[in-house]
Amino acid sequence: MIGYLLLVVCVFFAMLSAAMKGGNSISPRIRQDIEGLVRTNNVVVFSKSYCPYCSKVKSLFQRLSVPYEAIELDKRNDGADYQETLLQMTNQRTVPNVWI
């Protein structure tokens, strides 16, 4: 019973924390940048240079001769802001975050 109650309290605080972040953390400038990248490129990969899954996706596009724009979030000063904005836009925190 105590374990269940503790679980409910933890879930409540996790949901409260997520709700407090809500849509307020979206940067309008970064959202416009993302939308512009998607509008002007057929494929955009938001990636991290050390991520093996990102490397596989980029390799696949290269093998298929599909041009893509890769945005390496770990190489940008505002990469964390991009990742937070992508989370708010897509409910996906992980990379690769691929837009086609």
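Predicted model: local features only at pLDDT ≥ 70, side-chain atom pairs only at ≥ 80, totals over all residues.
Residues are numbered from 1 along each chain as its sequence is written. Local features need pLDDT of at least 70, side-chain atom pairs count only at pLDDT 80 or more, while totals for chains, interfaces and linings use all residues; side-chain values use heavy atoms, without hydrogens and water.

The sheet is open and has three strands in the order β2-β1-β3, with mixed pairing. Strands (E, at least two residues) and helices (H or I, at least four) are DSSP runs, numbered from the N terminus, and two strands pair if DSSP finds at least two bridges between them. At the edges lie β2 (69–72) and β3 (97–99), each pairing on one side only. On average, neighbouring strands are turned by 15° against each other, direction ignored. Axes are lines fitted to C-alpha atoms, for helices over the stretch in contact, and angles run from 0 to 180 degrees between N-to-C directions.

Strand β1 (residues 44–47) pairs with β3 in the antiparallel sense over three bridges. Val45 has Val98 in β3 as its bridge partner. Helix α3 (residues 52–63) packs on the sheet and touches β1, β2 and β3, contact meaning heavy atoms within 4.5 Å. The direction of α3 makes about 160° with that of β1. Helix α4 (residues 79–90) also packs on the sheet, touching β1 and β3, and its direction makes about 65° with that of β3.

Helix α4 has a helix partner too: its axis and that of α2 (residues 28–40) come within 10 Å and cross at roughly 75°. Therefore α2 is roughly perpendicular to α4, a term for angles of 65 to 115 degrees. Among the residues in contact are Ile30 and Ile34 of α2 and Tyr82 and Leu86 of α4.

Technical notes
Parallel < 35°, antiparallel > 145°, perpendicular 65-115°, else oblique.
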